[in-house]
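My plan is to look things up one at a time and jot down what I find.

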Amino acid sequence: MISYPWLEEVAQKLDQLLSSKVLTLEGPKGLGKKEIAHEIAKHKLCSSNNACGDCNACKTFVAGTHPDFFILNNPDSESIKVDQVRELIEFMNLSATSQHKVAIIETCNLMTVQAQNALLKIAEDLNEKSSLILVSDQVRSLLPTIYSRSHRLLIKEPSRIDIDSWIKSLGYHDETVFNFPSYFSPLDILEAIKSGETAMYREIYSSFQNLLLKGSGYEKFIKHFKDLSLTFNEKLVFLNDCLKIQLGKNLNFYPRTENTKELSQEEIFNLSNLIDELTQQIFDLSKVKGLNEQVGMNYFLSKVHSIYN
Ligand SMILES: [Zn+2]
């Protein structure tokens with residue numbers, strides 16, 4: 001089974017998951033939900049029901065040619081239409097060539113209401129040898145009637161500290177989760193480390209630390225920040241993350257590092273207010289498009305500057 005530490009509970013429930021005809025896996029992106037869905041499908045299709053890896057069923061499954069396995073996925077985030085669900089239903093209605101039939105909808109939160117209604121019919125009529133696995137990046141995005149017919153499993157995001165220990169347990173001792181934006185999932189972080197993106201984030205974070213600790217390097221920090229290949233909103237979130245980590249360290253919520261600056265009560269208060277203001281700004285930006293990035297960024301960076309200098 002999948003060995004991510006935040007999925008331990010899922011692995012323990014495997015028998016229960018294998019016995020559900022309709023299974024809904026929900027939770028944020030980047031936690032391995034699709035991998036769980038594939039692992040469950042592999043178990044169900046395996047001739048000895050344990051994803052042995054050696055039987056013919058397992059081999060064809062891994063090769064992507066198992067005739068009783070169907071996968072529906074709209075990677076470009078376009079909605080899943082009723083016609084696509086009808087194709088899936090046609091597949092489910094064919095008699096199985098092996099012991100079981102499994103269909104996965106990987107981004108089922110993209111299904112239109114019409115598509116969900118079509119799916120409902122098949123979900124009600126599944127026989128003992130057929131199963132449906134629905135994977136959703138959003139929580140409670142489906143019709144209540146679908147939930148009432150499925151076993152629902154919610155995958156929760158681990159804490160930043162737990163993600164940090166996981167990264168280090170993989171042998172990346174010099175890496176830390178605190179260098180990455182908070183909207184990065186554990187698997188996003190791993191991907192970024194493997195593809196060598198760490199340096200960019202590390203550099204920004206360290207120039208931010210420099211700004212906070214020594215009150216210097218303001219221009220350098222602004223330059224780094226403006227050059228980031230992120231949207232304005234993502235930059236604000238990242239800036240807010242940097243501030244929150246600083247606050248977290250001062251409140252002993254996150255582990256202190258040797259270069260944690262000792263802040264006065266007043267500085268902690270100002271920092272916390274700035275985080276509030278930024279949080280509000282990020283929320284407003286999600287509603288109002290087209291605010292000038294240059295102006296917005298200069299405003300917030302000058303506030304950060306004034307707090308620490
Ligand atoms: Zn097998």
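**Domains.** I started with how the protein is divided, keeping in mind that the model is predicted. I found domain 1 covering 5–154 and domain 2 covering 160–308. Next I looked up how far apart they sit: the C-alpha centres of domain 1 and domain 2 are 38 Å from each other. For the contact, I noted seven residues from domain 1 and four residues from domain 2.

**Buried area.** How much do domain 1 and domain 2 bury between them? I got about 400 Å², with 80% of it on carbon and sulfur atoms. I then checked who supplies the domain 1 share, and Pro5, Trp6 and Gly30 give 72% of the area that domain 1 buries against domain 2.

**Polar links.** I counted zero salt bridges between domain 1 and domain 2. I did get two residue pairs in polar contact between the two domains, both at pLDDT 80 or more. On the side of domain 1 that touches domain 2, I sorted the residues into three nonpolar, two polar and two charged.

**Zinc.** Which residues are the protein donors of the zinc ion? I wrote down Cys46, Cys52, Cys55 and Cys58, each through SG. Those donors lie 2.3 to 2.4 Å from the zinc ion. In sequence, I read the spacing of the donor residues as C-x5-C-x2-C-x2-C. Last, I looked at the geometry: the angles among the four donor atoms run from 104 to 116°, and I logged the site of the zinc ion as tetrahedral.

Definitions and conventions
Residues are numbered from 1 along each chain as its sequence is written. This is a predicted model: local features need pLDDT of at least 70, side-chain atom pairs count only at pLDDT 80 or more; totals for chains, interfaces and linings use all residues. Side-chain values use heavy atoms; hydrogens and water are left out. Domain bounds come from an automatic or database domain assignment. Contact means heavy atoms within 4.5 Å. Buried area is the accessible area (1.4 Å probe) that two parts lose on being put together, summed over both. A salt bridge is a side-chain nitrogen of Lys or Arg within 4 Å of a carboxyl oxygen of Asp or Glu. A polar contact is a pair of N or O atoms within 3.5 Å; within protein, one must be able to donate a hydrogen and the other to accept it, and residues adjacent in sequence count only if both atoms are side-chain atoms. Ala, Val, Leu, Ile, Met, Phe, Trp, Tyr, Cys and Pro count as nonpolar, Asp, Glu, Lys and Arg as charged, and the others, Gly among them, as polar. Donors are N, O and S atoms within 2.8 Å of the metal (3.2 Å for Na, K and Ca); water is not among the atoms, so sites may look incomplete. Four donors count as tetrahedral if all angles lie between 85 and 135 degrees; four count as square planar and six as octahedral if opposite donors are over 155 degrees apart and all others between 65 and 115; anything else is irregular.
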